Amino acid sequence: MATTTCACQAGVGEAEAEAALIARLDELLADYIGKPGGLIPALQLTQKLIGYLPDEAMRRISELFDKPYSEVTGVVTFYSFFSTQPRGKCLVRVCLGTACYVRGGKEVLEAIKKHLAIEVGQTTADRNFSLEVGRCFGACGLAPVIMVNDDVHQRVKPARVGELLKAYAAADEAAQAEVA
Amino acid sequence: MIEVTLNGEKTTVPAGTTILEAARGLGIRIPTLCHLEGKPPLGACRVCLVEVEGARTLMAACATVLAPNMVVKTHSGRVRAARRQVVQLLLSEHDGDCQVCDRNEDCELRELAHELGIERVPYEGVRAKAARDESTPALIRDNAKCIKCRRCVTVCGEMQGVGALFPQGRGFDTVIGPAFTQDLDGVACVQCGQCAAVCPVGAITERSHIDEVWKAIEDPTKVVVVQTAPAIRAALGECFDYEPGTLVTGKMVTALRRLGFDGVFDTNFTADLTIMEEGTELLLRLKKALVEKEPVALPMFTSCSPGWIKFAEYYYPQYLPNLSSCKSPQQMFGAVAKTYYAQKIGCKPENMVVVSVMPCTAKKFEAQRPEMNSSGVQDVDYVLTTRELGRMIDQAGIEFRNLPDGQMDDPLGLSSGAADIFANTGGVMEAALRTVYELISGRELPVKNLHLTAVAGLDGVKEATLKLENLLPEWAFLEGVEVKVAVAHGLSNARKVLEALKRGEAPYHFVEVMTCPGGCIGGGGQPRFTDDSVRLKRIAAIYAEDEGKTLRKSHENEQIKKIYQDFLKTPGSHTSHELLHTKYAGRAKV
């Protein structure tokens, strides 16, 4: 077999970091374990820490919460917020709730798909952006709305999405330059 | 108590009663496709809608608790119209294959559609994606037929504590199945078939062996023998419209003979054999612990129920040494039939076909476990559920209700009442103690009518203590010992015992576990629908079968004495170990 250099050296480090986090889930999720209704916030926190919900994390959570694995995956597959695939650094979520939909949310979504060259549920090749749709972020008065990570952007115009997203990519590059 | 009015009739019910429960108490049947007695309401199927005076919408009877002075109409025109629409919507998604569906006879959805007078389905619904799962030996799942009622989720999760099934995904795309909708063989399913027993439609059924059995019967080169589990005789009648709890042992024997089996035998025979082997094993373990002071795995757990075995292998591998090494009566029968009996009639094991009739789907899994071939070939070839046997009898044009009574064949057909009660929760324990106590004391088990009532009945975990006194000299080391036993049925109850054991709070010597609620009489392969009232009737029938025999203790069975004399020598002998005992190994939960 030909030896190839791994294309994602960064990925190896990520895998290690991921494994380390999963190993610590019992302490990280201590506030939720054994409490009624604790499963969903625990999954949210896990996803926030790891970036997505790897299989090992869900199995560990199933053990920690003494719930069948099928129930954990049932909850994860029920909520569109949860992802079992690695995500980009920026999660772009386009609201397609009723208000946003009638005020052009769909056009905004098309523009973002075109700009990032990905479909809903996918991540860009540079792992910078993932794209998802949401059903109402509770900001109907500002429709159409998109969220990039925790930032809410209001009255988004399809023609301006490129500019909006470029700012995130630039901010990320700047942050990386600082680290380097 | 509160006063309410149901269909114009004033009645009082305890506070907290749901409309569905109150109606049942008054003899009003509100249809439901998702509710299971004793379980929290799901409100999933929407078929139990009723009209509550003053309420804006119709309410789900299963999930609505009666309030004082509530006025409810359960079958008004508005209710019937709504129910009809709900069922029409269910039918619009249901890819039922109805003419050839396994549940053609007892499909609850079809029956309800008929009852509601639905003659056509006006909606052209999108059908669920067909995804047949034939990955396991015992069960077949068909997602296209699933109506997402979640009964299977309730029994798998709450009753059995397994949780192999759960709704995956959301909305129309929801699939009731294992994690990420993978196949059943990818998860820790114990194959108990309780899901198939409660499914209102044909979405989960047993894997049928009917065709294979016909083929064997019609093959002139094969000697085909059949064994019937104790629980069949108290339930098979339900396939022919007898009341639950009607004993049909004699008719069953005649039907099996007319189907063409060359030998009609009884799993009860090897249930008696199990008692000899398992009782001896228990006494040996106690001796090791008390006299030789050697480390020994106690309590000992019974090992007759293959769902329980698989459960222990997945979830409690640390307690596998506690399981009795005895094979189940089904597997003992296969091993004995293809050696002892085959030699008697001059038949090679490979020319003999052993068919089991079991109340159980997990037995289909057990029969094909790789270690179950002590005769050199697979010991038990095919396993039919009670339901499948009922269908075969129909296929043969046998009018079951008009059959004369028949007798089981010798030598594997004679059994004691102790073997009969293997079908009931608490029965294996009682049968074992009838023999063990008498063996060590020379006296009968000192309980009324030989029944250990403390471990009978439908409580989840039952306990009893038996003080051993005035024993025979060779068993003097047990003098004064208080034998503590426990009985659990339903795997979530078994889990309770095992967790107590982990915490050091289970000081038992001997524990009986049966996978299914009520024991084998409530098995996943029994006629549908099994609720507690049916379980109690079948249990009573089994006790009646036991009490009707003069032979009520395994060690008094003459054919058992003979097989030891001629073939096995003594319980726990080398031959016994080769044929009747086995080993277990932990399974990864995958």
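Trainee: What makes β3(B) and β4(B) a pair, and in which sense do they run?

Mentor: Two strands pair if DSSP finds at least two bridges between them. β3(B) and β4(B) have two bridges, so they count as an antiparallel pair. Leu49(B) stands opposite Ala60(B) there. This is a predicted model, where local features need pLDDT of at least 70, side-chain atom pairs count only at pLDDT 80 or more, and totals for chains, interfaces and linings use all residues. Residues are numbered from 1 along each chain as its sequence is written, chains are lettered from A and ligands numbered from 1 in the order in which they are written, and side-chain values use heavy atoms, leaving out hydrogens and water.

Trainee: Why is residues 49-52 of chain B called a strand?

Mentor: Strands are DSSP runs of E with at least two residues, helices are runs of H or I with at least four, and both are numbered from the N terminus. Residues 49-52 of chain B are strand β3.

Trainee: Why is Leu450(B) called buried?

Mentor: Buried means under 20% relative accessible area, exposed over 50%, and partly exposed in between (1.4 Å probe, protein chains only). Leu450(B) has 7% relative accessibility, so it is buried. Its phi is positive, about 65°, although it is not a glycine.

Trainee: And what makes Lys569(B) buried or exposed?

Mentor: Lys569(B) has a relative accessible area of 53%, so it counts as exposed. Lys569(B) also has a positive phi, near 75°, and is not a glycine. Its place is the loop between α17 (558-568) and α18 (574-580) of chain B.
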